[in-house]
Amino acid sequence: MPDALPRITRQHTANAALFLKRWSANPLQMGSVVPSSPSLCRRIAREVARGPQDYVLELGAGTGVVSRALLESGVPAERLIVVEIVPEMAAHLRQTLPGVRVVCGDAFDLAACIPPEAHNRISTAICGIPLVLLPLEKQRRFLDSVEAVAPGRGFLLYSYCITSPLPWRKLALKAERRAWTPRNFPPASVWRYTPSAA
């Protein structure tokens with residue numbers, strides 16, 4: 001019976017069901033058909049650099065599996081800002097991530113949707129949006145959006161591509177693959193992109 005399942009199992013099942021529902025509604029908004037694995041989430045969290053007064057920004061949080069790994073790694077809830085464009089998923093995140101600032105907004109217009117006090121105080125931005133599927137001009141719009149609130153900082157992008165998911169030279173970026181985990185379905189990489197001029 002469902003009530004007899006451990007709480008973590010029920011949460012995982014609910015996350016997967018919500019994720020699959022959103023994927024089937026709009027596959028291009030989701031990077032995968034299943035949530036990221038604990039192994040990938042931990043690798044992402046390890047790449048976060050943060051000072052005591054800095055914020056961490058997560059874009060395209062989905063069901064919040066990466067968000068929870070960030071909290072478990074020591075990011076204070078009040079210093080984590082999560083942006084999710086799908087209202088149903090944003091509502092789910094507000095319920096399951098107490099203390100975290102959850103914004104239902106557009107990652108391509110961050111200057112307008114994240115709190116003003118966080119502008120220029122974001123140490124790490126993390127992107128779960130499948131940017132590889134977007135045309136170059138839309139990718140540039142994303143870069144401009146991040147640059148508007150975290151100038152010179154760049155961002156982490158997790159992806160299932162074998163090579164860089166972004167054409168970093170065309171976008172005037174530096175690219176470094178920081179992690180790779182085969183213990184994810186499908187296997188995934190964590191890339192750090194920074195502006196070439198930074």
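Predicted model: local features only at pLDDT ≥ 70, side-chain atom pairs only at ≥ 80, totals over all residues.
Asn-120 lies in the loop that joins helix H5 (110-113) to strand S4 (122-127).

**Loop residues with positive phi**
- Asn-120 is not a glycine, yet its phi is positive, near 65°.
- Asn-120 counts as exposed because its relative accessibility is 56%, above the 50% cut-off.
- Ala-172, likewise not a glycine, has a positive phi of about 55°.
- The loop between strand S5 (155-159) and strand S6 (173-181) holds Ala-172.
- With a relative accessibility of 44%, Ala-172 counts as partly exposed.

- In strand S2 (residues 80-84), five of five residues are buried.
- Side chains in a regular strand alternate between the two faces of the sheet.
- Leu-80, Val-82 and Glu-84 point one way from S2, while Ile-81 and Val-83 point the other way.
- Strand S1 (residues 55-59) pairs with S2 in the parallel sense over four bridges, and Val-56 stands opposite Leu-80.
- Helix H3 (residues 65-72) carries the chain from S1 to S2 in a right-handed β-α-β crossover.
- S2 also pairs in the parallel sense with strand S3 (residues 101-104), over four bridges; here Val-103 is the bridge partner of Val-83.
- A right-handed β-α-β unit is formed by S2, helix H4 (residues 87-96) and S3.

**Cysteines**
- The count of disulfides is zero.
- For Cys-113, the closest cysteine sulfur is that of Cys-104, at 9.3 Å, so the two are too far apart for a bond.
- Cys-127 is buried, because its relative accessibility is 0%.

Technical notes. Residues numbered from 1 in each chain as written. Heavy atoms only, no water. Disulfide = S-S within 2.5 Å. Buried < 20%, exposed > 50% of the residue type's maximum accessible area, 1.4 Å probe, protein only. Helix = DSSP H or I, 4+ residues; strand = E, 2+ residues; numbered from the N terminus. Pairing = 2+ DSSP bridges. Right-handed = clockwise from strand over helix to strand, strands pointing away.
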